[in-house]
Amino acid sequence: MGNILEESLFGKQPKQFESINALAKAFSVNYCGSTIIRDSIFSIAENYARKRELTLEVLRYPFKDDELWAFTFVKKGTIFLCINSGLALCKQIFAVAHELYHIHCYAEDIDPSTIASGSLLDSKTADDTAKSQEDLEANAFAGLLLMPDGILDEQIKLYGIAADKISVDDVLILMELFALPYKAVVLRLVENHDISNSKAKELLECDSDYVLERIKLTGKALKWQQNSKDLSYLGSLLDDMEYNKEQELLTESREKSDMEYLEKIRKGFLAEG
């Protein structure tokens, strides 16, 4: 299951990992609250942009490419965050949290160049080797934001999970609670010092087909393995057009041309997928 332990920020740069951990905690206080985030990450990204007075469009399309998780770019002052709705929901959630770190770096002028030139999260970056330092930090940020130390400790205690005897089914319980992929949960257990590297490697050596089989058999975390490919969301573009139509702000010819342009964009995305 790859080199996620060795290639993580925790494994390669422990001091920087602690900095990102502190950042994730501060971010949670200001934008997330103290509850488990899961699919609320979509609204949290929008709330962050609203509070930072950024123009953000979150677009969700079923790109027909399992390797493509998400990408973000800036055009004419608007940040476009595009998520592959054809992926399992847990991957979509992780992808939004990952891209949120890039948006944060842009908003805080830490490094605006990444999404200004376009960032892309694919399977290799999420599961194995990050392409850049910022991607490495974004992966750590996503895990820490979605599975914070304190709440992880609390849930392990509540569910009576014995760290030294943790099994695949125990990991599934945490996947169910936090809506994260299997690898991400195992990595967070290492980062939070709940399990040793050797125990993590043992869990990561499990075949992905076996993990999926256990998910189907137990039903744990099953809902986060579903995709939402039937969902195609064009951000506020459609809402804006409907508002203009209702308020009779545009001529019929302009309404027609706007509708045709929107349909052209939609078909373009689907064709690229």
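Strands here are DSSP runs (E, at least two residues), helices are runs of H or I with at least four, and both are numbered from the N terminus. This is a predicted model, where local features need pLDDT of at least 70 and side-chain atom pairs count only at pLDDT 80 or more, while totals for chains, interfaces and linings use all residues. Residues are numbered from 1 along each chain as its sequence is written, and side-chain values use heavy atoms, leaving out hydrogens and water.

- Four strands form an open sheet in the order 1-3-2-4, with mixed pairing. Strand 1 and strand 4 (119–122) sit at the edges with a single partner strand each, so one side of each has no neighbour in the sheet.
- From one strand to the next, the twist averages 10 degrees. Axes for such angles are lines fitted to C-alpha atoms (for helices, over the stretch in contact), and angles run from 0 to 180 degrees between N-to-C directions.
- Strands count as paired if DSSP finds at least two bridges between them. As a reminder, strands of a sheet pair through backbone hydrogen bonds, either parallel or antiparallel.
- Strand 1 (residues 55–61) runs parallel to strand 3, and seven bridges join them. E57 stands opposite F80 of strand 3.
- A70 has L121 in strand 4 as its bridge partner.
- Helix 4 (residues 41–51) packs on the sheet and touches strand 1 and strand 3, with its direction at about 160 degrees to that of strand 1. Contact means heavy atoms within 4.5 Å.

**What's covered**

- Buried means under 20% relative accessible area, exposed means over 50%, and partly exposed lies in between (1.4 Å probe, protein chains only).
- S8 lies in the loop between helix 1 (4–7) and helix 2 (9–12). S8 counts as buried because its relative accessibility is 7%. Leaving aside residues up to four places away in sequence, S8 touches L136 and L187.

**Aromatics**

- There are 11 aromatic pairs in the structure. Rings of Phe, Tyr and Trp (its six-membered ring) pair if their centres lie within 6.5 Å; planes under 30 degrees apart are stacked, over 60 edge-to-face, and the rest tilted.
- F71 and F73 are a stacked pair, 6.2 Å centre to centre with 15 degrees between the planes. F71 is buried at 17% relative accessibility, while F73 is partly exposed at 26%.
- Y101 and F141 are a tilted pair, 5.3 Å centre to centre with 45 degrees between the planes. This pair links distant parts of the chain: Y101 is in helix 5 (residues 89–107) and F141 in helix 8 (residues 133–146), 40 residues apart.
- Y101 is buried at 4% relative accessibility, and F141 is buried at 0%.
- R60 puts its charged end over the ring of F42, 4.0 Å from the centre. For that to count, NZ of Lys or CZ of Arg has to be within 6 Å of the ring centre and within 35 degrees of the ring normal.

**Cysteines**

- A disulfide is a covalent bond between the sulfur atoms of two cysteines. Taking a disulfide as a pair of cysteine sulfur atoms within 2.5 Å, the count comes to zero.
- C32 is buried, with a relative accessible area of 15%, and C82 is buried as well, at 1%.
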